[in-house]
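Good morning, everyone, and thank you for making time for this.

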Amino acid sequence: MRPSLKDIPYVWCPVEATIDVIGGKWKALILFQLTQGPCRFNALRRLLPHVTQRMMTLQLRALEEDGIISRTVQETVPPKVEYALTERGWALAPIFEAMTLWGQAHGARRSEPA
């Protein structure tokens, strides 16, 4: 008889903890763009043209809640909103650097037959 999932003890995994914060289709791409410097919402949309406005908003809010990015509103008319990595967010920069290097070395093979 197989044990049920509730009978298997949970073991904390640091990779799972990281994926919980940066996982998903858009978060990593947003964070990668912010490693280049602070960015306004519409500039991020231009850099990531396939993400919808709603999804961009949801992902930015989640990253802000996790303390990975900061949101600064400049009191102008119209208001300007800028997003930037926090200190905690900058701690993720080596991950994106490693992903960039891996993508440069192996990404072109993605479309090649296995």
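Let me begin with the lining of the second largest pocket, whose residues divide into 4 nonpolar, 1 polar and 3 charged. Please keep in mind throughout that this is a predicted model. The residues that line this pocket are Arg 40, Phe 41, Asn 42, Arg 71, Pro 79, Lys 80, Val 81 and Tyr 83, and the elements that give two or more residues to the lining are α3, which covers 41-47, and β3. The volume of the second largest pocket is about 170 Å³.

Which element gives the most to this lining? The answer is β3, with 3 residues, and that brings us to the strands.

Finally, please find Ile 22, which lies in helix α1, residues 14-22. Is Ile 22 buried or exposed? Ile 22 counts as buried, because its relative accessibility is 11% and the cut-off for buried is under 20%. Leaving aside neighbours within four places in sequence, Ile 22 is in contact with Lys 27, Ala 28, Leu 31, Leu 92, Ile 95 and Phe 96. Gly 89, which is 67 residues from Ile 22 in sequence, is 10.0 Å from Ile 22 in space, C-alpha to C-alpha.

Key
Residues numbered from 1 in each chain as written. Predicted model: local features only at pLDDT ≥ 70, side-chain atom pairs only at ≥ 80, totals over all residues. Heavy atoms only, no water. Helix = DSSP H or I, 4+ residues; strand = E, 2+ residues; numbered from the N terminus. Buried < 20%, exposed > 50% of the residue type's maximum accessible area, 1.4 Å probe, protein only. Contact = heavy atoms within 4.5 Å. 1 Å grid on protein atoms, 1.4 Å probe; cavity = no way out; pocket = protein on both sides within 12 Å on 5 of 7 lines; lining within 4 Å. Points joined across faces, edges and corners; volume = space filled by probe spheres on them. Nonpolar A, V, L, I, M, F, W, Y, C, P; charged D, E, K, R; others polar.
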